[in-house]
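Hello,

Here is the structure we spoke about. Please have a look at it first; my notes follow below.

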Amino acid sequence: MNEIYLPELGEDIEKATIACWHKKVGERVKVDDDVVEVVTDKATFNVSAGGKGILKEIRFKEGEVAKVGDVLAVIEPTRT
Amino acid sequence: MVLQRIEKIEKTGYQYHDLGLIEYDQAYVYQQECVANVLQGGEEQVILCEHHPVITLGRLSDKRNILGNQEDMKRLGVIMRPVDRGGDVTLHAPGQLVAYPILNLNRRGRDLHKYLHHLEEVAIALLSEFGILGRRHPTQTGVWVKEKKIASLGIGVRKWVAYHGLAVNVHTDLKLFSLIKPCGLNVSMTSMAQEMKVPVEMAAVKKALKECLKRILG
């Protein structure tokens, strides 16, 4: 399983709000696909899948706040 | 379609696109084409434009910050659009210079707030070129002149390529701002023309902005 986590977004940024999910559970994702958009004050940031596979699990709902390093979603890798 | 119609006009560090006065939706499509281009490794780009009156709602918008009703909007020809940038509600209208720098933050330290800070610095430097003392707010993003707000910021980032950007009131009709609570704040807006008490040429502001962008964002 590959985990998508909230990356470092800047020196003084510790958390971000989940703005919207671009993908649904069960959907196929490619390495470069934007999976989720998070927002911190005046900036939105799109988090990429980072690997191809099936989106198995979403751990934060839209509007919820995640901390840097939190796992936002889980991807089951596929070879094809 | 827009790409074919509007040509690259100048090259001073970035590839500049001056779209003039343009509908928000049309400029958004153009901006996304530029973002795709930069994501594919193309040259960094900056779009300069003015919009027909539009209230845009960033991802953290509270609809209660729209004070005008449907009738007011219709009478004044103002449309509303939800957008994929941070921040709350803002308004764009003719006389406001909007800059959408589409820049690769991989080259600038991968820090969202630092980049926003640099955009504020650009606006402050631009104002100073015209003898206006702009300042940051201790807790809010944007640029103020005394107690009034003059420039607003909001960005979106995809694979560390930033888009959207900043809006500076040059000679905007400030009455339009009564339709919103800008950025959710109880704040009055001002413009360069109002502060300088003389007419300001948009072309001169664009020229100065290009210099400030190059100087501060490199």
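From the N terminus on, chain A runs β-β-β-β-β-β-β-β. That comes to eight strands and zero helices. Helices (H or I, at least four residues) and strands (E, at least two) are DSSP runs, numbered from the N terminus. The radius of gyration of chain A is 12 Å, close to the 12 Å that the globule rule gives for 80 residues, so chain A is as compact as a globular protein of that length. The radius is taken over C-alpha atoms, and the rule is 2.2 Å times the number of residues to the power 0.38.

Some ground rules. This is a predicted model: local features need pLDDT of at least 70, side-chain atom pairs count only at pLDDT 80 or more, and totals for chains, interfaces and linings use all residues. Residues are numbered from 1 along each chain as written, chains are lettered from A and ligands numbered from 1 in the order written, and side-chain values use heavy atoms, with hydrogens and water left out.

Now confidence. pLDDT is the predictor's confidence in each residue, from 0 to 100. Chain A has a mean pLDDT of 95, with 99% of its residues at 70 or more. Within chain A, strand S1 (residues 2-5) is lowest, at a mean of 95, and strand S7 (residues 65-67) is highest, at 98. Chain B has a mean of 92, and 94% of its residues reach 70 or more. Residues 1-11 of chain B fall below 50; beyond near neighbours in sequence, this stretch has 18 contacts in the model. Contact means heavy atoms within 4.5 Å. For the complex, the predictor gives an ipTM of 0.94 and a pTM of 0.93.

Back to chain A. The C-alpha trace spans about 40 × 20 × 15 Å along its principal axes. Of the 80 residues, 48% count as buried. Buried means under 20% relative accessible area, exposed over 50%, partly exposed in between (1.4 Å probe, protein chains only). Of the chain A contacts with a separation of 6 or more, 56% join residues 24 or more positions apart.

One residue in chain B to look at: B:Tyr28. Where does B:Tyr28 sit? Its place is in helix H2 (residues 24-39) of chain B. B:Tyr28 counts as partly exposed, because its relative accessibility is 24%. Leaving out residues up to four places away in sequence, B:Tyr28 touches B:Asp84 and B:His164. B:Tyr100 is 72 residues from B:Tyr28 in sequence and 9.9 Å away in space, C-alpha to C-alpha.

Best wishes
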